[in-house]
Amino acid sequence: MNIILCGFMGSGKTTVGTELAKIMGRKFIDTDEMIERQQGVAIKAIFTVHGEDYFRDLEHKCCCDIADIKNCVVSTGGGALTFQRNVDTLKKSGKVVFLDADFDVICQRIGNSKTRPLFQDRDKAFELYNQRKKKYLSAADYVVDGNMSARKTAMEIANMFR
């Protein structure tokens, strides 16, 4: 059974996922990294050249591929589990854990990062955070406090699956 992490950008999915995979002796998969590796370009470039719909189709194919893999820790992109088709696909292979981090904690983690285009306008980012949070909660089998350190969060998740 896979452990699938979801949450808003900056909630710690990749950091917690890497730590969790080490603790549990599992392979770690990051859907965004998988797409970038398969496409040979950054996600930002995929959005710019092909648009969001094209990216979301690549993301769905990635979710289908992951559903055939067993006993991994999976970090999903911030928008992946806001689409029911991805939730349905990934739940066939595992349980979804929502890393529920407060928006102000996320802002501290991201800082003034230029690699996060959605964070250039904090008001719009907050609006998106609130829209997506409802979808993460409905997708989640478990909800974990994402405000803790990555190690502590990973330990809590590992204990849930032991």
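## Strand pairing, burial and salt bridges

L5 stands opposite V97 in β4. The model is predicted: local features need pLDDT of at least 70, side-chain atom pairs count only at pLDDT 80 or more, and totals for chains, interfaces and linings use all residues. Residues are numbered from 1 along each chain as its sequence is written, and side-chain values use heavy atoms, with hydrogens and water left out.

Helices (H or I, at least four residues) and strands (E, at least two) are DSSP runs, numbered from the N terminus. Two strands pair if DSSP finds at least two bridges between them. Strand β1 (residues 2-6) and β4 run parallel and are joined by five bridges. β4 is also joined to strand β5 (residues 142-145), again in parallel, by four bridges. In that pairing L99 stands opposite V144.

Strand β4 (residues 94-100) is largely enclosed by the rest of the structure, because six of its seven residues are buried.

In helix α6 (residues 103-110), the buried residues include F103, V105, I106, C107 and I110. Their cover includes α7 (122-139), where contact means heavy atoms within 4.5 Å. After α6 comes G111, with a positive phi near 65°.

A salt bridge is a side-chain nitrogen of Lys or Arg within 4 Å of a carboxyl oxygen of Asp or Glu. The structure holds seven of them.

| Pair | Closest N and O atoms |
|---|---|
| R85 and D57 | 3.1 Å |
| D100 and K133 | 3.2 Å |

R151 is partly exposed, at 45% relative accessibility.

R85 forms a salt bridge with D57. The pair links distant parts of the chain, with R85 in helix α5 (residues 84-91) and D57 in helix α4 (residues 52-67), 28 residues apart. R85 is partly exposed at 35%, and D57 is partly exposed at 44%.

D100 forms a salt bridge with K133. Since D100 lies in strand β4 and K133 in helix α7, the pair ties together parts that are 33 residues apart in sequence. D100 is buried, with a relative accessible area of 19%, whereas K133 is partly exposed at 23%.

E52, R56 and E59 are linked in a network of salt bridges.

Notes:
Buried < 20%, exposed > 50% of the residue type's maximum accessible area, 1.4 Å probe, protein only.
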